[in-house]
Amino acid sequence: MVIGLEVHTELLTASKMFCGCANAFGAEPNTQVCPVCLGLPGSLPVLNARAVELAVAIGIALHCRVGSSTFHRKNYFYPDMPKDFQISQYDRPINEGGHLDLSDGSRVGIVRAHLEEDTGKSTHLGGTGRVHDADRSLVDYNRAGVPLVEIVSEPDIRSPEQARLYAAELRAVLIATGASDGRMEEGSMRVDANVSVRRIGAPLGTRCEIKNLNSLRSLQRAVAYEAERQVDVILAGGKVRQETRHWDEGSGETSTMRVKEEAEDYRYFREPDLTDLVPDLAMIERVRDGLGPMPADRRAALAGLARGADVPGDVLDAVVGAGLDAFVAAAVARDVEAGLALSRAANELAGPDGPGQVLPDAFAEVLAREAARTLSATQVKAVLAELVRGGGDVAEIVERRGFAPMSAGDLSGTVSQAVAEHPDEWARYREGEDKLAQFFVGVVMKATRGRANGQQVLAELESRR
Amino acid sequence: MKALEIAAQVRSGERSAVSVAEEALSAIQARNADLNVFVHVAGEEVLERAAAVDAQVAAGRDPGILAGVPVGLKDNLCQTGVPTTCGSRILAGWRPPYTATAVERLLAAGAVPVGKTNMDEFAMGSSTETSAYGPTRNPLDPTRVPGGSSGGSAAAVAADMVPIALGSDTGGSIRQPAALCGLVGIKPTYGLVSRYGLVAFASSLDQIGPLAHTVADAAASLEAIAGHDPRDSTSLPGPAPALVARLDQGVAGRRVGIVRELVDGADPEVVAAVEGAAEVLRAAGATLSEVSIPELRLGLSAYYLIAPAEASSNLARYDGVRFGLRVAGADITEMYVATRTAGFGAEVKRRIMLGTYALSAGYYDAYYGQALKVRTVMIEAFARAYANADLLLGATAPTEAFALGAKVSDPMAMYLSDVFTIPTNLSGHAAISVPFGHGTSGLPLGVQLLGPALSEGRLIAAAAVVEAGRGVPGA
């Protein structure tokens, strides 16, 4: 199976691409519009310089050549496109030729990442929900003219899982550049997948484009379904038709949206209302200097902390995705094993509440106590959960919650009491019934309401055996 | 009455802007029904605006170089709340929610817009006969056309309804009607005047410019509206050039080339007018020579691919969805078709089809792509000519004003009206048409002075010389 992805991402600019209207999601319909983004007669576009900077940031992060570019008009009629043409880039895009390294070690080529404007949003009432048999159509132009970058991959992807990894990695890169919030559910990052199948080594098969993939899970499922569908068509002696297909999340199937009998003619020509976009080298350098490390670099740095120990890829992804690099580094600086720091960060701090109020130093302190065995795993999770919720001083929390370790004398006394209260079990334990050690740990725990350290209790029992 | 004279009287308090406005409104009232010049005449707001100008004078402030001057605006220029139809049914009743930069600047200079002037539909035409609101008649001979597409603006000035009007020039639409109505008309350098608020015909060719009785009034109007505008990405940097100051500069030592291709095929009277104007310039100290720029002959065919191609895209937005005419249809496609079929006239449809074809896959290289190459070739040819000449001289239009209906059913004959003006739009340079001589029917003719980019000052100085020489024998 051969997959290429086209990803549209809305840019995090304050205003739209060619006018001063706010670029914000969720406002009342048609409240963020003006003569320019409504395409009123006589209005003219003026390019948003911030959109150009963010497009350049994406280009640099994807290792593209950033160069002079030209805007073209892509002409077609659709009610949510105010001018009935889209200002896009055609034969001279701002970014060309790059690559993206995925967390599984594979590399996917980038054809281009070009600037264009978004359309409005249509809602079709009645019929099948498509424009041609709708009773009424409502259009919200708030999104019309929002700046987009379209990132086109080479057809280098070979599995649904790799397609998901690509989109996840690209999303992380877009967030890291500050160009996008990567919110697929709000449509600020949208994925179209081109899928074809062939026998290994054979020429490329006929491809179908799947639209409406608004989550990583949908992408992976849709690509898997579509490849299987195409294989079935071919095995049944049929031919795959080149078409655009719609993914239905509910049924888990793709269906024909429109058949491309011949290539659509968009009558591209240079947009006469805009001048060529010639890169300002100082701006490009400023953007380059302002970019932090990309997710792949950060994963490598974290793996380096583990000094060769094997760390699961999903743990690295979770830590990088949630931006917890500094927490892990702080813990490692306190001689905590990187593997422990990574898994605690991934499992305790990368949840929906994020790291919350916890600071890297506090995280490191908690993990240092765990490493020194003065806090149990259960206690560590409880303390971290409290820190996430409200922050605070680690020592104070440990003391208040009664997690401070018992003195050796107290522990010894409690063990003596447990032995005295359960003479039969103690006798059997001494005769070699090892599993009763856990019985005594339980008794001690109950008596101390969990304050005792299980490891220390075991050591004490062993020494008396 | 001349614009600068009116402004001088209003600025000095000698005359009120209100009385000037009332006079303009009554002149419009008197002849508009016969001539069909204005498609919309502003009401109370004209007098309110004039009163505001008077109040500024009374308060000791200067309202600007066009204080109290009534102006006509071609109906493709937006002004907040004022109907703007572009001479088309498809925009009937549309009122823009914003004002064009050029109009804002006229207002800032103290001018008083009195209404919107008739035009060929979406500026596609050379006679103001393709307007959905009926043809405009030439005030100098109402059986004839005023030229076009800014025919309403030309007629408004020629009929003394207003001393100045703004038009737009995509292939000659200011200069040709100026010539046919005995006026001065300027097509400025592309980018000198902001196109923000000018309803687009062909974006890479359109420029706004003035029509006036005198070179001085035209210069003052252009000075008022020119200069950088951040809302138009193709706007040139820098403030408006000083043009009024250049009026008396003369042409001593200027090299003027008479361009054979801008005279060939014109009526004998037109050729004689160009020769007469050349004599006037020579007498004023210019060096005259004859030049040939064969590439200019390619202009018409390149223009009729580039302009329709851009128009086919610019006019796509008139789809019945958001504004203007909507004709119901069973589904979205039928609604589009019904709306555009009813809303556009024959000439607009012809050009949309031409342009769509020229841009289509498989034809792009042979038509639109080829036209762009021709455009480049013409720009290079002009550059060679300007290496040896400061200005070029030729005819504006091949004939005097022609009869209503004479060319309306023959598009090629109509297109040829612009054969001398089109090259300047393709090159993006500046040109001015000045009245000089008369045709066989005694109607005025115009001669055209052309210059390189941003040569408006030089052009105005030369035009003033030609204007002053109008009375000499042979003119």
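**Notes on the model**

1. A:His63 lies in the loop between helix H1 (49-61) and strand E2 (65-66) of chain A, where helices (H or I, at least four residues) and strands (E, at least two) are DSSP runs numbered from the N terminus. Its phi is near 60°, a positive value in a residue other than glycine. A:His63 is partly exposed, with 16 other C-beta atoms within 10 Å; a residue is buried if 20 or more other C-beta atoms lie within 10 Å of its own, exposed if 12 or fewer, and partly exposed in between, with C-beta atoms placed from the backbone.

2. This is a predicted model, in which local features need pLDDT of at least 70 and side-chain atom pairs count only at pLDDT 80 or more, while totals for chains, interfaces and linings use all residues. Residues are numbered from 1 along each chain as its sequence is written, and chains are lettered from A and ligands numbered from 1 in the order in which they are written.

3. A:Asp84, in the loop between strand E3 (71-75) and strand E4 (85-89) of chain A, also calls for a look: its phi is positive, about 60°, although it is not a glycine. A:Asp84 is buried, with 21 other C-beta atoms within 10 Å.

4. In chain B, the peptide bond that leads from B:Gly148 to B:Ser149 is cis, with omega near 5°. B:Ser149 belongs to the loop between strand E3 (112-117) and helix H5 (151-158) of that chain.

5. Helix H12 (residues 365-387) of chain B has 23 residues, which at 1.5 Å a residue should span 33 Å, and the 31 Å between its end C-alpha atoms agrees; the expected span is 1.5 Å times one less than the number of residues. Among its buried residues are B:Tyr368, B:Arg375 and B:Phe382. Their cover includes strand E14 (269-270) of chain A, together with helices H9 (299-314), H11 (346-359) and H14 (422-427) of chain B.

6. Between the chains, 27 residues of chain A are in contact (C-beta atoms, placed from the backbone, within 7 Å) with 35 residues of chain B. The chain A side has 16 nonpolar, five polar and six charged residues, where Ala, Val, Leu, Ile, Met, Phe, Trp, Tyr, Cys and Pro count as nonpolar, Asp, Glu, Lys and Arg as charged, and the others, Gly among them, as polar.

7. The C-alpha centres of domains 1 and 3 of chain B lie 27 Å apart, with domain bounds from an automatic or database assignment.

Notes:
Two residues are in contact if their C-beta atoms, placed from the backbone, lie within 7 Å.
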